Amino acid sequence: MQILYQREITGDPVSRILAERSYALEDGEPAEYCRQILAGVEANQDRIDSEIEETSEHWTLTRMPLVDRNILRIAVYEIMFEDDVPHSVAINEAVELGKVFGGEDSSKFINGVLGRIAEKHEGVETQAMEDVRE
């Protein structure tokens, strides 16, 4: 999430950020799965952003807080393109990131948007969304 945030602030592509190691080095080297997500989000950002904007009510991407926007991008990438990640896991991890890095209502906003997106992709049941909120 931090590398996507950095990419948006600087305008540098993920490949440059990783090659130049200009990310927070105290967090260590990004794992292979992290690199896969970063590349996937960047390669599919138009589709991901379109999905987020179509689903979020009364919010354009530019109005969303930068942190929330990038958390949503990661989870939507996993929902749309990573078949081995259960939607409930992608949503739960995004909600937790929202609690740690987002604003006061970020986790609720993230959960709501992702719940609707997950329902569109593979029909995640409402009960799974209720479990994530707790």
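In which handedness of crossing, left-handed or right-handed, does helix 5 pass helix 7? The views below take up this crossing and several other details of a predicted model, in which local features need pLDDT of at least 70 and side-chain atom pairs count only at pLDDT 80 or more, while totals for chains, interfaces and linings use all residues. Residues are numbered from 1 along each chain as its sequence is written, and side-chain values use heavy atoms, with hydrogens and water left out.

**View 1. Helix 5 passes helix 7 in a right-handed crossing.** A crossing is right-handed if the near helix is turned clockwise from the far one by less than a right angle, and left-handed if anticlockwise. Helices (H or I, at least four residues) are DSSP runs, numbered from the N terminus. The axes of helix 5 (residues 66-81) and helix 7 (residues 106-120) come within 10 Å and cross at roughly 25°, where axes are lines fitted to C-alpha atoms over the stretch in contact and angles run from 0 to 180 degrees between N-to-C directions. That angle makes helix 5 roughly parallel to helix 7 (under 35 degrees is roughly parallel, over 145 roughly antiparallel, 65 to 115 roughly perpendicular and the rest oblique). The contact, meaning heavy atoms within 4.5 Å, is made by D68, I71, L72, A75, V76 and I79 of helix 5 and by S106, F109, I110, V113, L114, I117 and A118 of helix 7. By class, this contact has eleven nonpolar, one polar and one charged residues, where Ala, Val, Leu, Ile, Met, Phe, Trp, Tyr, Cys and Pro count as nonpolar, Asp, Glu, Lys and Arg as charged, and the others, Gly among them, as polar.

**View 2. Helix 4 and helix 7 pack at an angle of about 110°, with their axes 9 Å apart.** That makes helix 4 roughly perpendicular to helix 7. The contact is made by E51, I52, E54 and T55 of helix 4 together with V113, R116, I117 and K120 of helix 7, and by class it has three nonpolar, one polar and four charged residues.

**View 3. A search of the whole structure finds two aromatic pairs.** Rings of Phe, Tyr and Trp (its six-membered ring) pair if their centres lie within 6.5 Å, and planes under 30 degrees apart count as stacked, over 60 as edge-to-face and the rest as tilted. The rings of W59 and F109 have their centres 5.5 Å apart and their planes at 55°, so this pair is tilted. Because W59 lies in the loop between helix 4 (45-55) and helix 5, and F109 in helix 7, the pair ties together parts that are 50 residues apart in sequence. The rings of Y77 and F81 also have their centres 5.5 Å apart, but their planes are at 25°, so that pair is stacked. Both Y77 and F81 lie in helix 5, four residues apart, which is about one turn of the helix. Y77 counts as buried at 7% relative accessibility, whereas F81 counts as partly exposed at 26% (buried is under 20% relative accessible area, exposed over 50% and partly exposed in between, with a 1.4 Å probe and protein chains only).

**View 4. R21 and H58 are loop residues.** Phi of R21, in the loop between helix 2 (14-20) and helix 3 (32-43), is near 50°, a positive value in a residue other than glycine. Phi of H58, in the loop between helix 4 and helix 5, is near 65°, again a positive value in a residue other than glycine. R21 is partly exposed, with a relative accessible area of 44%, whereas H58 is exposed, at 74%.

Methods: Helices (H or I, at least four residues) and strands (E, at least two) are DSSP runs, numbered from the N terminus.
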